[in-house]
Amino acid sequence: MRRFSLSDGAVVLLLSGVLCGSLLAQSPRERISLDDDWRFQKDDPPGNTVSLLYDVRPAVTNQRDDIAADTPARAAEKLAASAQAMIKPWILPTGNSFIKDPARRFARPAGNWGGDVAYVRRDFDDSSWRRVNLPHDWAIAGPFIATGGGGGMGRLPSPGVGWYRKKLDIPAADAGKSVFLDVDGAMSYATVWLNGQIVGGWPYGYASWRVDLTPYLIPGAENQLAIRLDNPPESSRWYPGGGIYRHVWLTKTQSLHVGQWGTFLTTRQVSASSATVDLAVTIDNASRSNATVSVATQIYALDADSRKTGEAVAGLETAAAVVNVGASATVNGSVTIARPKLWGPPPRQKPNLYVAVTTVSHEGRTTDTYETRFGIRAVRFNPGAGIYVNGERVALRGVNNHHDLGALGAALNRRAAQRQLELLREMGCNAIRLSHNPPAPELLELTDEMGFLVMDEAFDVWLRQKTPLDFHLIFPDWHEQDLRALVRRDRNSPSVIIWSIGNEVGEQYTGEEGAALATQLCTIVHEEDPTRPATSAMNYAKPDMPLPAVLDVISVNYQGEGIRQDPEFAGTDRIRTPPQYPGFHLNFPSKLILSSETASAFSSRGVYLFPVSQEISAPVRDGRGGDSTIHQVSAYELHAVDFGASADKVFASLERHAYVAGEFVWTGWDYLGEPTPYYSSRSSYSGIIDLAGFKKDRFFLYQAHWRPDLPMAHILPHWTWPERVGQVTPVHVFTSGDEAELFLNGRSLGRKKKAALEYRLRWDEVVYEPGTLEVVAYKNGAQWATDTMKTDGNPAGLDLKPDRNEIRADGRDLSFVTVTVTDSDGRIAPRAADRIHFKIEGPGEIVATDNGDPTSLEPFQAHDRKAFNGLCLVIVRGKPGQPGKILLTASANNLRVGTASIITTAAEDR
Ligand code: GAL
């Protein structure tokens, strides 16, 4: 036994080797999913006269939603306080446990705001409201807003007010317990009432938060929950979604319990032979008397399915800790684990996980047990050489992703998020930047399990606004609570290696003032997690400006490659910056440098526009990669946003500056909203993978570079160009080999070798004739990989391929079915645009369809859809509790019908 450190009062931790299992009695803690069976209604009750607005809002006038992403953020409008009372004073106290200075915490006002509003009342009849299950995004069903503005936010009706009501059966035995409502995310400005009493709420739509229902609860009765959301227009630069779009939980504990996100495990002195785990546990006392508790924790290894394996590998036991009434106490301890299974990114490492099971006891009785998943790993930031995980240098081959899941909208679905990560992994991606907001907790569960490295980001704006009603309105009151909540929630995730406090914030332009604010935010991060660095993504701040000096890590957007350096940008009032890696490295020799955004290259899957640029990286213009009549960008993958660069250019600049830790590409997947350069569209052009999950050619450019050991070659464009016979039709090849020979109808068009800092092979003079293109790639002189592309016959049939033929019948698991228009030889018809009709039989339903076309305003819920360059996607879900066989049929005029069957199994069968 060893003595351990004391913190926050009389707490002594004693450490033993492995504890016996007796402390793992039945947990008095319950965490109950509240996802099912809500009633939902848009808008406030007719005739309502009570102001339910959170706070005064500036009027939005003449807002354009297609302003360039790197337009400097503007100062906030000064708003006069309203004479009319607003709901904010009832909401602010919800965040009190995330405000460090007790003097700054908020007192709940007297009274009961909104208690008379019909929708909050216990006796209100909501039987005519729509039944919904969570996660729910009210906007994804559309319809798309076809004309006028709205492209920035995805042309979907996310703004507005929505109400959710649910009955909670609380048994009489719950009297005396603490009962919390845990919301993983609700978009946005949530207010909660229970039995007509206002409880609290949380404005930031990406935050996870908790309200304490205990004082308003009637045990032994049916309790009525009502949640109002109010999603402002012009509040985002991308699609935010609307509604309770993540999971909701009812957490019941004894009054002596582990606080919200009340455990923190970190690891040090990590090696193959041993690792030290430090643990801090915060215990809350909601009882009526001071209490002496003991806290014990046992650590178990988890298997690949996150199940505990074997006996505990280590344990920590405490003697006694006094927790005063209404207060918290934190206990600390450490334990050494022999021969730890380390967490690290594949392919060379494995993401091994552990779980710490913490037991709180009072007078010999267990009052709480609490599980914390964590990983043991050593991450080292070497300013001269990049990031090392457990001693291995791991170049960041990362992407940015927004939170939406394409046709499923913002509503979280674990399988859809997993599919996004699986495809990225196939490309060789090993890192994700969660741009630009706190993610769903499940996303981090997935990155932990799959071994991605994560930059976890808090905000897109601070005090200065990018859109008139964005987070800047609540930043002054809420940044501390939101930032502490994010770090406390996510700090046990081994995948998180860096915290980002902001993205391209307007405070880059405010010199010392902006840097002072950044310092405050970094301090918050350090207080909550002293083990990881904080950064902020900079597209403007330069090495000699104050902001970078206060950050732990230099994180640049686009500046590494240089911004708008071509002569055509001379005289623009936009950012023009020569390449900045050397300048940052020189000024900050002790800070790691990485690129939090690179590329922002654009393309539409399967669209090839001629002539093809001779440049390797160029902005999109009509006749130069773009076509503003069809609103598509060429998939030759040479074009980018004005301030961006092609993938090739970024690869070269990273190779030239080996001290840079790597990149996060803008973006891995296409996302809803921000459809630069064509704002009449619904979704972005920047994804390496399109909105439906189909690979653009760029996927193979990254794969060739990021997985050099994978033999692969990829030809573009497709070879079905009846109108181009005799015309120059360049052929490019992406390969992990170093040279390749191209053949057209058996004739060699020459063997080419990649020069230094070249990432594609191009035969730019090929004259089109129908037939077969074949490429043979070589590596170190030996044949390495081949690819062929044939001229297609006419579309003849439909081929259906589910990504999984067997899914759980739980109403959540999904099968993503790729529907391909094929010619008579079964090859994709690369230009097919047939309208395809879908029919489903058996215990399943079509959740959504898509085709990855950014211009398509067809509703995602439609059961028919035009193919986009030969492909469509159907997302199928099994009906809960009805295992069986689903048959999906696709038909189109003059095409052979296609079918697919999907088996759904009872959850326990798997
Ligand atoms: C960046 C910005 C991203 C996105 C991107 C689009 O400047 O940080 O959020 O807007 O541009 O190209």
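User: Let's start with the second largest pocket. Which strand gives the most to its lining?

Analyst: Strand 13 does, with 7 residues. Keep in mind that this is a predicted model.

User: What other elements supply at least two residues of that lining?

Analyst: Besides strand 13 (256-268), there are strand 7 (178-183), strand 10 (209-212), strand 14 (274-285) and strand 17 (328-338). Two helices also supply at least two residues each: helix 4 (475-490) and helix 5 (511-528).

User: What volume does the second largest pocket have?

Analyst: About 1700 Å³.

User: And how many residues line it, and which lie nearest its centre?

Analyst: The lining has 50 residues. Nearest the centre of the second largest pocket are Asn 96, Ser 97, Asp 284, Ser 328 and Arg 488.

User: How does that lining split by class?

Analyst: The lining of the second largest pocket has 19 polar, 16 nonpolar and 15 charged residues.

User: Now the ligand. Which residues surround it?

Analyst: Ala 69, Arg 237, His 436, Asn 503, Glu 504, Asn 557, Tyr 558, Glu 597, Ser 600, Phe 643, Trp 666 and Glu 674. By class, that shell has 4 nonpolar, 4 polar and 4 charged residues.

User: Which polar side-chain atom lies 2.4 Å from an oxygen atom of the ligand?

Analyst: One from Glu 674. Glu 597 has a side-chain N or O atom 2.7 Å from an oxygen atom of the ligand. For His 436, a side-chain N or O atom is 2.5 Å from a ligand oxygen.

User: Is the ligand buried or exposed in there?

Analyst: Buried: the protein buries 99% of the 310 Å² that the ligand exposes when taken alone.

User: You listed Trp 666 in the shell. What kind of peptide bond joins Trp 666 and Thr 667?

Analyst: A cis one, with omega about -5 degrees. Thr 667 is in the loop between strand 35 (660-666) and helix 9 (697-706). Trp 666 itself is among the residues around the ligand.

User: What about the bond from Leu 716 to Pro 717?

Analyst: That peptide bond is cis too, with omega near 5 degrees. Pro 717 lies in the loop between strand 36 (713-716) and strand 37 (731-735).

User: Switching to cavities. How many of 30 Å³ or more turn up?

Analyst: A search of the whole structure finds 8.

User: What classes make up the lining of the largest cavity?

Analyst: It has 13 nonpolar, 8 polar and 4 charged residues.

User: And the second largest cavity, how much space lies in it?

Analyst: About 220 Å³. The second largest cavity is lined by 19 residues. His 402, His 403, Pro 439, Ala 440 and Leu 443 lie nearest its centre. Helix 2 (414-427) and strand 24 (431-434) are the elements that give two or more residues to this lining. Helix 2 has the largest share, 3 residues.

User: How do the residues of that lining divide by class?

Analyst: Into 11 nonpolar, 6 polar and 2 charged for the second largest cavity.

User: Last topic, aromatics. What does the pair count come to?

Analyst: The count is 35 aromatic pairs. One of them is Phe 40 with Trp 138.

User: Why is the Phe 40 and Trp 138 pair called stacked?

Analyst: The ring planes of Phe 40 and Trp 138 are at 20 degrees, with centres 6.0 Å apart, so the pair is stacked. Planes under 30 degrees apart count as stacked.

User: Where in the chain are the two?

Analyst: In distant parts, 98 residues apart. Phe 40 is in strand 4 (residues 38-42). Trp 138 is in the loop between strand 5 (130-132) and strand 6 (160-170).

Notes: Residues numbered from 1 in each chain as written. Predicted model: local features only at pLDDT ≥ 70, side-chain atom pairs only at ≥ 80, totals over all residues. Heavy atoms only, no water. 1 Å grid on protein atoms, 1.4 Å probe; cavity = no way out; pocket = protein on both sides within 12 Å on 5 of 7 lines; lining within 4 Å. Points joined across faces, edges and corners; volume = space filled by probe spheres on them. Helix = DSSP H or I, 4+ residues; strand = E, 2+ residues; numbered from the N terminus. Nonpolar A, V, L, I, M, F, W, Y, C, P; charged D, E, K, R; others polar. Near = heavy atom within 4 Å. Polar contact = N/O pair within 3.5 Å; in protein donor to acceptor, adjacent residues only side chain to side chain. Areas by Shrake-Rupley, 256 points an atom, 1.4 Å probe, with all protein chains shown as cover. Phe/Tyr/Trp six-rings, centres within 6.5 Å; stacked < 30°, edge-to-face > 60°.
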